[in-house]
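Please read the numbered points beside the sequence and the model.

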Amino acid sequence: MAELPRAIEENLHFLCAELDGQLAGLQDYFDAPETGAAQKVIQRAGYTDNLWSRVHAASQRGLSAKKVTAARKLLLQNMDMVGRNLDLISRLARRSLLHAEDVHLKDLLRPEAYSKVIKQVRAAVALILPAIQASESAQAIRIGETKVRLDDLYDRLFRTYTRDMRKSRHTEDLANSLLVANEIHRMGDALQGISEAILSASIGQSVQFERYFTLRSVLSGSDIPPEALELEPMAETRSGSAISAVRSREDTGGAVDAVFKDGTLQKVREERAGMKSWHSIYPGLAPKILSYEKRGQSAALLIEYLPGHTFEHILLNESDAQVKEALKSLSTTLRDIWKSTRTDEPADMASMRQLAGRMNDVRRIHPEFGPGAMRLGACEIEGFDDLVARAHRREKALSAPFSVHIHGDFNLDNVIYDPVEQKIRFVDLHRSRYMDYVQDVSVFMVSNYRLQVQDGPIRRRIADVVCDFHAMSAKFARAQKDRTFEYRLALGLARSFATSTRYIYDKAHARLMFQRSRFLLEQALTCPAGRENRFKLPIRELFSD
C-alpha cells in the first residue's frame, strides 16, 4: 500500500481515538442506563464530524492533484471510505442512545445484551490503523468479521422483542428497543465497509468482503501463490460480474498470469458450464479453467488469460488490414463451428418474446419509446407493442431448420483475436447453447452499430464489417438450404436494435436504433405469409448513417 498523506493519517488517528471514547461511553450507558451517560456521547457529535471532514478534504486534495497514479487514487478513495464509515458508526451510536432514552422501562431494553458486542466493535476500531499501516489483510478481515457477531445479536434481540410485543402492553418501549438494536446492528455493515476499503487498497482493486475470500480460495486452488499476486481491473459485465487481470506483484505491467472472474453463483456456474461445453464441442476456442470456487451465493473462476485484442478494440483502433484479417478469421471459425455442431433439431429463436420481455427496461431509460399508437396528421401509426405482438405470431411459424452451438451473447467485446496466432477465441460464455445461429448473427451485427463513435471513417468501417459479416452468414444459409434466414434475421435485428437502446444514453443514437427496429418489424409484417423465403434485407442502408 502506498504511503498515506500526513493529513489523512493524523485525522484518522484522532477519529479512531474519538470514536473509541464515544463507544466507551455507549458501553457505560448499557452497563448503567442513565440520561447523563447518554448525553456525554450525544453532545460529541461535532467532534467526529469535523475529523471526518478533514479526512475527506485531504482525500479530495490528493485526488485533484495533476498526476495521480491509479494505486494512489485507489488508496485515497478507500481512506475516504474508512473515514466516512467511522463517522457513520459514531452517528449510529448517538442514534441508538436517542432511541434508548425513549424507552421508559429500561428492563425491556435488555441493556445487558449490548456491552459485550460494543466491546468487540471497539476492538475492531482499534485494528483499523494497524491494518492500514501494515497493509495487513488478516487484521482487515478481523474487522469485517465483527459483522457476524452483530448480526447474531440482532437476530436474537429481534426474536426477543417481537415475542414480547405479542404479550406486552408496552409496545412503544419495545419498538424503541428494536430501533436501538437496529442501530447497533448497522455498525457491522460500517465495519465491513472499512474492512473492504483496507483490503481494496492492499490488493490494488476494489473488492467486496465476500469476494476477497472467494479470491483467496480460488487462487489457493491454482498453482499461483496468492501472496505473490495483485489484481488489475479489466471489465465489469452488465450482469454484475467483475473481471480482473491477475499478475505477479514483481512484474507490474508485464504479462498477465490469469483472469479472475466472480459474480453470483448462478452466473458463474453458467459460465463454467459454457466453457466446459465448448471444450468438449470445439476445443481451443474457450479459455481453460484454472480454478473454481463457490462461497454462499457467490462464486469465482480463475481462467486462462487469452492474448490478443477484443474485436471491438481492433475495429476502433487497428488498421484496415488487421480488421479484414480478424474478420476473415472470425468468419472461418464460425462457419467451421456451425458445420461441425449442426444438428437436425429445429430451433425457435423467439426474438419477439425476448423483445416484449425487455421493453419495460428499455422504457425506463427511454420513456419516449412508448407502446401505443401515434398520429401523424390524419394518419394513425400502429403502436410498437402491437407490431411486436403481430410479429410474434408470424415468428412462431418460422423455426430454424437446424440448430448449432452458439455463443449466446455474441458482442464485439466477447470475441478475442490473437494476431500472432491468427486465432479467434470466445469469452463470457454463460449463455452458450444449441440454438438458431441467427441469434449470434443479429447480436454481432447490432453490437457493431451501437458503438457510440461518430467519426465518419470509423462509421463506414463499421458498415463494411457488418455487410461482409452478413454476406458470409447468408452464403452459409444458402449452402444449408435455410430459406427463411433473411426473415428470421430481420426479426433478430429488430429485437437487438430495440433492446440495445437500454445501454445507450445518447438520445439521438438510441432513436436511430429504435427507428431501425420499427422499420424492420414493418417490413417483416408487410411480407405476405408464405413468401418469407423471398424476403431481402437492405443491409447497407440499415447500417449506414
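1. Strand β10 (residues 415-418) is joined to β11 by 4 bridges, and the two run antiparallel. Within this pairing, Val415 has Phe426 in β11 as its bridge partner. Strands here are DSSP runs of E of at least two residues, and helices are runs of H or I of at least four, numbered from the N terminus; two strands pair if DSSP finds at least two bridges between them.

2. The model is predicted: local features need pLDDT of at least 70 and side-chain atom pairs count only at pLDDT 80 or more, while totals for chains, interfaces and linings use all residues. Residues are numbered from 1 along each chain as its sequence is written, and side-chain values use heavy atoms, with hydrogens and water left out.

3. An open sheet of 3 strands has the order β6-β10-β11, with antiparallel pairing. Its edge strands, β6 (309-310) and β11 (423-426), each pair on one side only. Helix α12 (residues 320-341) packs on this sheet and touches β10 and β11, contact meaning heavy atoms within 4.5 Å. The direction of α12 makes about 65° with that of β11; axes are lines fitted to C-alpha atoms, for helices over the stretch in contact, and angles between N-to-C directions run from 0 to 180 degrees.

4. Helices α1 (residues 6-31) and α8 (residues 171-203) pack at about 145°, their axes 14 Å apart. Leu23, Leu26 and Phe30 of α1 meet Val180, Ile184 and Met187 of α8.

5. Cys16 is buried at 7% relative accessibility, and Cys527 is buried at 9%. Buried means under 20% relative accessible area, exposed over 50%, and partly exposed in between (1.4 Å probe, protein chains only).
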